[in-house]
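Student: I have a model open and want to go through its local geometry and packing. Where do we begin?

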Amino acid sequence: MVAEAEKRPICSILFIIAMQKEALPIERELGLTEDTAWFFPKGVPWERYHGIYKDLVVNLVTPGKDPLLGVECVGTVPAALVTYASIQALKPDLIINAGTAGGFKAKGASIGDVYLVSDVAFHDRRIPIPVFDQYGVGSRPAISTQNLAKELNLKVGKLTTGDSLDMCPTDEATIFANSATVKDMEGASIAYVADLLKVPVIYLKAVTDIVDGTKPTTEEFLENLTSVTAALEKAVTGVVNFINGKCISDL
């Protein structure tokens, strides 16, 4: 059944994006409109945008803003919840987790680089018991996208995920042990849910800050967010155009 699914044309894609500022250029470029009906369960802040782009049904969801504090719901828990609910409701052929990330200069990352992800893992789930330690790291390969990477000339690297913007020494040791190139706050949790429900995922991560650089992460992130989201939008458009009319096995 998996082999058959890989050979069927991709008809429906689901974008999962953490922040509205990351999502907005993509919404505009793909001509998506907000779902004004109450699509998700009552009380959740999640947002959905949808439309048709070429031959593809496109949905884009974000976790929205925290009802108490008004800040965007970044992190692994909102990402996992909205991924599960969206897969159940929308039945996508392919998920694209697009967003910004920190990058490691030791692995060749620079501001504005856009990476296709080859593998994902957590760096802040430490369970020092045999087998549980592997469960905590939760390492998973992404689907093969070698044709896509070659066609769009995108860099390829490993993604590491955690719920903190900064990087403590313990996290740093795990990150480098896993040979990660980019660092985010959602990817590995999306991978966990998608793996359970057997939906393939592509991860596109644009570098806003150099984690092992000299500038404070928060300062560099905010300084580069606008320009890097423009680079992300350009890469996403190229990816969607490449996907149109193809199968998972063509990627």
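Tutor: Start with a loop. Lys-198 lies between helix 7 (187–196) and strand 10 (201–210). Helices (H or I, at least four residues) and strands (E, at least two) are DSSP runs, numbered from the N terminus. This is a predicted model, where local features need pLDDT of at least 70, side-chain atom pairs count only at pLDDT 80 or more, and totals for chains, interfaces and linings use all residues. Residues are numbered from 1 along each chain as its sequence is written, and side-chain values use heavy atoms, with hydrogens and water left out.

Student: What is the phi of Lys-198?

Tutor: Lys-198 is not a glycine, yet its phi is positive. The residue is exposed, with a relative accessible area of 66%. Buried means under 20% relative accessible area, exposed over 50%, partly exposed in between (1.4 Å probe, protein chains only). The phi of Lys-198 is about 60°.

Student: Which strands do the buried residues of helix 6 pack against?

Tutor: The buried residues of helix 6 (169–177) are Asp-171, Thr-174 and Ile-175. They cover an arc of only 100° around the axis, taken from the directions to the C-beta atoms, so they sit on the same side of helix 6. On the other side, Pro-169 and Ala-177 are exposed. Contact means heavy atoms within 4.5 Å, and the buried residues pack against strand 6 (114–122), strand 8 (155–161) and strand 9 (182–184).

Student: Are helix 3 and helix 7 roughly parallel or roughly antiparallel?

Tutor: Helix 3 (76–90) packs on helix 7 at about 30°, with the axes 8 Å apart. Axes are lines fitted to C-alpha atoms, for helices over the stretch in contact, and angles run from 0 to 180 degrees between N-to-C directions. Angles under 35 degrees count as roughly parallel, over 145 as roughly antiparallel, 65 to 115 as roughly perpendicular and the rest as oblique. Helix 3 and helix 7 are therefore roughly parallel.
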